Amino acid sequence: MPIEVVDNSTESRFEVLVDGKVAGFADYRLLPTKIVFTHTEVLPAYEGQGLASRLVAFALQASADTGLRVVPLCPYVAKYIQRHPEFQHLVDSSFGSG
C-alpha cells in the first residue's frame, strides 16, 4: 500500500496519504522565518503503523530545506525532536527546551 507525505499548504498542514487517502496530518502556522507545529494526528484506522513518525520526519526535513526555524507546540513533534537529535538545531531559540 503506497504511502506518501505531502505539504497541503492550502490547509496549512502536512498530510500522510495511504493509497491516496489522508491517514494523518500535522497542522502548522507559517510565519516569515518560522513554522509552528500545533497538532499532529493519525486517524484511528491507521494508528500503530509508524505513520506519525514518517509524517513528522518529512515535515521537519521540509522545514530545514526551506530554512525555517521550528516551534514545536505540538507535544508529538516536541517529543520526536527530543528523540532525534539531528532535528534539534531547527528549534527556534525563543522556544524553551523541555
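Is Lys21 buried or exposed? At 55% relative accessibility, Lys21 counts as exposed (buried is under 20% relative accessible area, exposed over 50% and partly exposed in between, using a 1.4 Å probe and protein chains only). Before the close-ups, a word on what is shown: this is a predicted model, where local features need pLDDT of at least 70, side-chain atom pairs count only at pLDDT 80 or more, and totals for chains, interfaces and linings use all residues. Residues are numbered from 1 along each chain as its sequence is written, and side-chain values use heavy atoms, with hydrogens and water left out.

**View 1. The whole fold, for orientation.** The protein has two helices and five strands, and along the sequence they run β-β-β-β-α-β-α (helices, H or I with at least four residues, and strands, E with at least two, are DSSP runs numbered from the N terminus). The radius of gyration is 13 Å, close to the 13 Å that the globule rule gives for 98 residues, so the protein is as compact as a globular protein of that length. That radius is taken over C-alpha atoms, and the rule is 2.2 Å times the number of residues to the power 0.38. Along the principal axes, the C-alpha atoms fill a box of roughly 40 × 25 × 20 Å. Of the 98 residues, 39% count as buried.

**View 2. Lys21 in strand β3.** Lys21 sits in β3, which covers residues 21-30. Not counting residues up to four places away in sequence, Lys21 touches Val16 and Tyr46 (contact means heavy atoms within 4.5 Å). Glu4 is 17 residues from Lys21 along the chain, and their C-alpha atoms are separated by 9.6 Å.

**View 3. Val70 and its neighbours.** With a relative accessible area of 0%, Val70 is buried. Leaving out residues up to four places away in sequence, Val70 touches Ile35, Phe37, Leu60, Ser63, Ile81, Leu90, Val91 and Asp92. Val18 is another story: 52 residues from Val70 in sequence, with 26 Å between the C-alpha atoms.

**View 4. Thr40 in strand β4.** Thr40 belongs to β4 and, at 15% relative accessibility, counts as buried. Set aside the neighbours within four places in sequence, and Thr40 is in contact with Phe25, Ala26, Leu55, Val56, Cys74, Tyr76 and Val77.

View 5. Side chains of opposite charge can pair when their charged atoms come close. The structure holds two salt bridges (a side-chain nitrogen of Lys or Arg within 4 Å of a carboxyl oxygen of Asp or Glu). One of them joins Arg13 and Glu15, with the closest N and O atoms 2.8 Å apart. Both of these residues are buried.

**View 6. The Lys34–Asp92 salt bridge.** Here Lys34 pairs with Asp92, and the closest N and O atoms are 3.4 Å apart. Lys34 lies in strand β4 (residues 34-42) and Asp92 in the segment after α2 (75-83), so the pair ties together parts that are 58 residues apart in sequence. Lys34 counts as partly exposed at 25% relative accessibility, whereas Asp92, with a relative accessible area of 8%, is buried. Asp92 also turns up among the residues that Val70 touches.
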